[in-house]
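Trainee: I am new to this structure and would like a close look at a single part of it, taken slowly. Could you walk me through the pocket and whatever surrounds the ligand?

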Amino acid sequence: MNDEKAEVHVNDIWKLLHPRLTVLVTARGKEGNINVMTVSWISIASWNPPCVAIFIAPERYTYQLIKESGEFVVNVPTIDLLQKVDLCGSVSGREIDKFKEAGLTPISSLKVKAPSIKECIAHLECQLIKEVETGDHVMLLGRVIAARANKSQFSRTYDIRSVKLVYYVGNSEYTTNSNETYHP
Ligand SMILES: Cc1cc2nc3c(=O)[nH]c(=O)nc-3n(C[C@H](O)[C@H](O)[C@H](O)COP(=O)(O)O)c2cc1C
């Protein structure tokens, strides 16, 4: 292997930490309007209490809806939904109804008013508990108050032999997980 290093422009350093698991975040505004947005910058933030952090730009329509309601849902798509995932990350819900345009089905969540997405395989229902400005993005810390997953695809972990998740590489390129597991 040639291990000669090349300098990476600071504006591109985010790509050094990709591919990343990519999710669909849903929200409902105070007038009942719902929206869905693609998010790659997401992390588990605490095990107890269970929290996730999403990093989103304040100009996103989803940000406005989350601020209005104090809630959001993290939905986990599989690679067969790639076109829909890409669409939800390319246009704003201010312009179109992305559920309709992408052919995604909103279903009731267990504990929050924000919808879950039927076609996704897992759903983490979150209450917004903290917001931190990080630069051109904002970290929204959500406490997970309910979660569900498809029985056939998740039991203690995802069955990655059959489940193919979506990972964003950068530059409009996506990948998925292999079906191999390793036990060190
Ligand atoms: C694969 C992918 C990942 C993205 N990840 C994020 C992200 O983590 N945070 C963010 O603010 N925008 C992210 N975006 C951009 C938003 O999804 C995009 O601006 C979207 O149109 C915002 O929708 P909204 O205005 O309806 O909320 C991503 C886009 C793509 C295609």
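Which element gives the largest share of the lining of the largest pocket?

Mentor: Please keep in mind throughout that this is a predicted model. The largest share of that lining comes from strand S3, which supplies four residues. S3 runs over residues 34-39, and it belongs to a group of elements that give two or more residues each to the lining, the others being strand S5 (51-56), helix H1 (61-69) and helix H2 (82-88). In total 27 residues line the largest pocket, and those that lie nearest its centre are Met-37, Thr-38, Val-39, Arg-60 and Gly-89. The space inside the largest pocket comes to about 530 Å³. Sorted by class, its lining is made of twelve nonpolar residues, twelve polar residues and three charged ones.

Turning to individual atoms, a nitrogen atom of the ligand lies 3.1 Å from a backbone N or O atom of Ser-40. On the oxygen side, an N or O atom in the side chain of Ser-92 is 2.7 Å from an oxygen atom of the ligand, and a backbone N or O atom of Gly-93 is likewise placed 2.7 Å from a ligand oxygen atom. Taken on its own, the ligand has 650 Å² of accessible area, and the protein covers 89% of this.

At least two lining residues come from each of strand S4 (42-46), strand S6 (71-76), strand S9 (122-133), strand S10 (138-149) and strand S12 (157-158). By class, the lining of this second largest pocket has 13 nonpolar residues, three polar residues and one charged residue.

Note on methods. Residues numbered from 1 in each chain as written. Predicted model: local features only at pLDDT ≥ 70, side-chain atom pairs only at ≥ 80, totals over all residues. Heavy atoms only, no water. 1 Å grid on protein atoms, 1.4 Å probe; cavity = no way out; pocket = protein on both sides within 12 Å on 5 of 7 lines; lining within 4 Å. Points joined across faces, edges and corners; volume = space filled by probe spheres on them. Nonpolar A, V, L, I, M, F, W, Y, C, P; charged D, E, K, R; others polar. Polar contact = N/O pair within 3.5 Å; in protein donor to acceptor, adjacent residues only side chain to side chain. Areas by Shrake-Rupley, 256 points an atom, 1.4 Å probe, with all protein chains shown as cover.
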